Amino acid sequence: MTRPDKKSAYEETVRKFRGAVLFTHDFSAISEVLTPDFVDHFAPPWDPPGREGVAHRFGQAAEALTTRRVEVLTSVCEGDVLAQAILLHFEHTGAFMGLPPTGRSFAIGGSNTFRFRDGRIAEHWGVFDVAKIPDLLGGPAPGSWSSMWPGAPA
């Protein structure tokens, strides 16, 4: 497979995964797209490992946030690794980080890096500004972004 073909195939795999878990909550895509020995380096230490943890986190998010759009700002492929800078657009429709649903729309930026094996995602690294979400929703909840800065709006 040529480099552009590989990049397109990897991007399509990620698009399919995001579409299933973020928009339709079809968690069967987790076992289809992620390898059985999948490692999520983004996972908090208290979550179950592997695919089970992915299902747990996306399930929790689905209860609190309705995904409206995923913008891929840039996408780079090198070897078996695809890295993307993205902007996630959500609506706050359920309790999240101690805050009741507000109906507010917000966006957070971040990055995802995926390592592929045999056409499936074997590893994931992610960086997202989750601590800022309570402030975007009119928080702040204890420990939110604004609580780190004296004089920040409450």
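I take buried to mean under 20% relative accessible area, exposed over 50%, and partly exposed in between, with a 1.4 Å probe and protein chains only. The model is predicted, and local features need pLDDT of at least 70, side-chain atom pairs count only at pLDDT 80 or more, while totals for chains, interfaces and linings use all residues. Residues are numbered from 1 along each chain as its sequence is written, and side-chain values use heavy atoms, with hydrogens and water left out.

**Entry 1: Asp-40**

I looked up Asp-40 and found it in strand S1, residues 34–40; strands (E, at least two residues) and helices (H or I, at least four) are DSSP runs numbered from the N terminus. Asp-40 counts as buried because its relative accessibility is 13%. Its side chain is joined to that of Arg-57 by a polar contact of 2.8 Å, a term for a pair of N or O atoms within 3.5 Å where, within protein, one must be able to donate a hydrogen and the other to accept it, and where residues adjacent in sequence count only if both atoms are side-chain atoms. Setting aside neighbours within four places in sequence, I noted that Asp-40 is in contact (heavy atoms within 4.5 Å) with Val-54, Arg-57 and His-124.

**Entry 2: aromatic pairs**

I next looked up ring pairs, where rings of Phe, Tyr and Trp (its six-membered ring) pair if their centres lie within 6.5 Å, and planes under 30 degrees apart count as stacked, over 60 as edge-to-face and the rest as tilted. The count comes to 4 aromatic pairs. One of them, Phe-42 with Phe-128, is edge-to-face, at 5.8 Å centre to centre and 75 degrees between the planes. Phe-42 lies in the loop between S1 and helix H3 (50–64) and Phe-128 in strand S5 (residues 120–128), so this pair ties together parts 86 residues apart in sequence. Phe-42 is partly exposed at 33% relative accessible area, whereas Phe-128 counts as buried at 19%.

The pair of Phe-90 and Phe-106 is tilted, with 5.6 Å centre to centre and 40 degrees between the planes. Because Phe-90 lies in strand S3 (residues 81–92) and Phe-106 in strand S4 (residues 105–117), the parts tied together are 16 residues apart in sequence. Phe-90 is buried at 9%, and Phe-106 counts as buried at 7% relative accessibility.

**Entry 3: Met-97**

Finally I looked up Met-97, which is found in the loop between S3 and S4 and counts as partly exposed at 38% relative accessibility.
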